[in-house]
Amino acid sequence: MICQECNERPATLHFTNFSNGEKTELHLCERCAQEQGEMFLMNQGAGFSINHFLQGLLNMDSPFQAKTKDPFQQQEEVLQCENCSMTFPQFLKVGRFGCSHCYDTFREYLIPVTRRLHSGNTTHHGKIPKRVGGTIQLQRNIATLKHTLSDLIAKEEFEKAVDVRDEIRALEKQLAEERRGGE
Amino acid sequence: MSLERFINQAVSSWMSEDGPDSDIVLSSRIRLARNLSDIKFPTIATKDSAEAVIQAIRERVIAGPSTQFGPLELLKVDEIQPLQKRVLVEKHLISPHLAENSLNGAFLLSENEEISIMINEEDHIRIQCLFPGLQLSEALKVANDVDDWLEEKMNYAYDEQYGYLTSCPTNVGTGLRASVMMHLPGLVLTRQMNRILPAINQLGLVVRGIYGEGSEALGNIFQVSNQTTLGKSEEDIVDDLKGVVAQIISQERSAREALAKTSNIQLEDRVFRSFGVLQNSRIIESKEAASCLSDVRLGIDMGYIKNISRNILNELMILTQPGFLQQYAGGPLRPDDRDIRRAALIRERIQMESNE
């Protein structure tokens, strides 16, 4: 297939666009694609990938981006993962996280991203791993009980509060043990 | 090597066995993406961090006695021959990315090749289960078992809000990609694909041709898979996909019925012409081979051609790819030679059927 732009070089990039049920196709060689500003080219011509779309999504309304554009706030601290030292701008560029800790570091900016990528969803509702998940369930229970405890104290129901406190202690002990066991 | 022996060695169970609805659904695949906590993801891995992943698996998982999934051998990508790598990619057992671009890439394969576990692909661990026919729930069950078995010994990166943490935010949550490979000649011949594709895309599913370049599907084979991984449970994702696949199956069946009613003789002509090409050609390009194989398979499904097994399409789509042809030839082949070799392999394979 020959490039539709220059009619010279072979077309190596094929774009298909669906809008209103209409399918339009565009076949371009790499050079014309580049000239067209269709920066779909990946590292070393590995074809175009979801990355570039992703980058668009990520950059759309990132408050972080707006900040760095202000020259007077250049000194604004750059979000950086402590574990793998990936910075937020780097993440925006490659569209991939560096390690699991990045999710914690960039957490506040991720909600709009996941919402767009996963049809409005921002929270996992699937499988919970048995071992790690065990402590998550425990942590949830402890958090609920702590709420109950402060309610009881507020209402001056101290006898019940003592029971709840003991329950929390027991769970916290269990949590500590399970965590040690998991190492 | 005789062709029969070559095929026996080359064919995985998903290509040779029949599954539910296997007249239309060739295979079902489940993929789970998992990562270990604290270790850098493969995207920015160093040789050491990638080696740490392999070590973790080697020490904690493989060192045990033979597994509940049968023997699982750990193979490093760097240690196998380029041609062998290509063959594994053509069989969909490992990804092109793992074969070509991974740092310290490795994989585990079960004996029947239903289970493959890729290590240091885009994520630390990618569990893949490939079943014949429409068996998404069955494949999910096995994938979950493998997942539980690995999780017993390793600390997965998991977050209360985001679920399983993955290198790419498009996989976060369940890390699940469920897909089916479908043969849809009826919908293509009746020009209904262009109407159906946008509708499927609107449901959060993706359809693409799996063979061939650009947007056209070679051999009328399409892959339908889920796009979103966060917010729905694994079972719901699979059920939603199954629902849509069931719809496509019934559309494809009615398209075939309509074809048989309205253009029976034209269809029969098309099927037997393609059969003739496969039986007689001496040079055949992959594109022509794929299109003829699709016609012949349709002919078998609709009863025009008898005494030829259905899985000839699944088998030959895989075996006529460049890597396999070269393996069968015992060495590298130039593109022209491949087309000659491809034609010979197809002729012989059809001959094998008629002898039985």
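This note sets out numbered points on a predicted model with chains A and B.

1. Basis of the note. The model is predicted, and local features need pLDDT of at least 70, side-chain atom pairs count only at pLDDT 80 or more, and totals for chains, interfaces and linings use all residues. Residues are numbered from 1 along each chain as its sequence is written, chains are lettered from A and ligands numbered from 1 in the order in which they are written, and side-chain values use heavy atoms, with hydrogens and water left out.

2. Chain A as a whole. Eight helices and two strands make up the secondary structure listed for chain A; helices (H or I, at least four residues) and strands (E, at least two) are DSSP runs, numbered from the N terminus. Along the sequence the pattern is β-β-α-α-α-α-α-α-α-α. Of the 183 residues in chain A, 32% are buried; the term means under 20% relative accessible area, with exposed over 50% and partly exposed in between (1.4 Å probe, protein chains only). The accessible surface of chain A is about 11,600 Å², and carbon and sulfur atoms account for 50% of that surface. Accessible areas come from the Shrake-Rupley method with a 1.4 Å probe, and for residues only the protein chains shown count as cover.

3. The interface of chains A and B. On the side of chain A, 43 residues are in contact with 51 residues of chain B, where contact means heavy atoms within 4.5 Å. About 4,000 Å² is buried between the two chains, and 55% of this comes from carbon and sulfur atoms. Buried area is the accessible area (1.4 Å probe) that two parts lose on being put together, summed over both. In chain A, the residues that lose the most area to chain B are A:Y103, A:H124 and A:K127, together 18% of what that side buries.

4. The rule finds five salt bridges between chain A and chain B, a salt bridge being a side-chain nitrogen of Lys or Arg within 4 Å of a carboxyl oxygen of Asp or Glu. One salt bridge joins B:D148 to A:K130, with the closest N and O atoms 3.3 Å apart. The side of chain A that touches chain B consists of 16 nonpolar, 18 polar and nine charged residues. In this division Ala, Val, Leu, Ile, Met, Phe, Trp, Tyr, Cys and Pro count as nonpolar, Asp, Glu, Lys and Arg as charged, and the others, Gly among them, as polar. A network of salt bridges also links A:R96, B:E121, B:E122, B:D123 and B:R126.

5. Salt bridges within chain B. Over all chains, the search finds 31 salt bridges. In one of them B:K141 is paired with B:D145, the closest N and O atoms being 2.9 Å apart. These two residues are separated by about one helical turn because they are four residues apart in helix 6 (residues 136-151) of chain B. B:K141 is exposed at 52% relative accessible area, whereas B:D145 is partly exposed at 26%. B:D339 and B:R342 form another salt bridge, at 2.8 Å between the closest N and O atoms. Both residues lie in helix 14 of chain B, three residues apart, and both are buried.

6. A salt bridge between two helices. B:R349 pairs with B:E315, the closest N and O atoms being 2.6 Å apart. This pair links distant parts of the chain, with B:R349 in helix 14 (residues 335-355) and B:E315 in helix 12 of chain B, 34 residues apart. B:R349 and B:E315 are both buried.

7. Helix 4 of chain B. The buried residues of this helix are B:K85, B:V87, B:L88 and B:E90. They pack against helix 5 (96-101), strand 3 (106-109), helix 12 (312-319) and helix 13 (322-329) of chain B. B:E90, at 6% relative accessibility, touches residues that include B:I318 and B:F324. Just after the helix, B:H92 takes a positive phi of about 65 degrees.

8. Positive phi in two loops. Most residues other than glycine have a negative phi. A:E156 is not a glycine, yet its phi is positive, about 60 degrees; this residue lies in the loop between helix 7 and helix 8 (158-182) of chain A. B:N120, also not a glycine, has a positive phi of about 60 degrees and is found in the loop between strand 4 (115-119) and strand 5 (125-132) of chain B. A:E156 is exposed at 59% relative accessible area, whereas B:N120 is buried at 2%.

How values were computed
Lists of a residue's contacts leave out its neighbours within four places in sequence.
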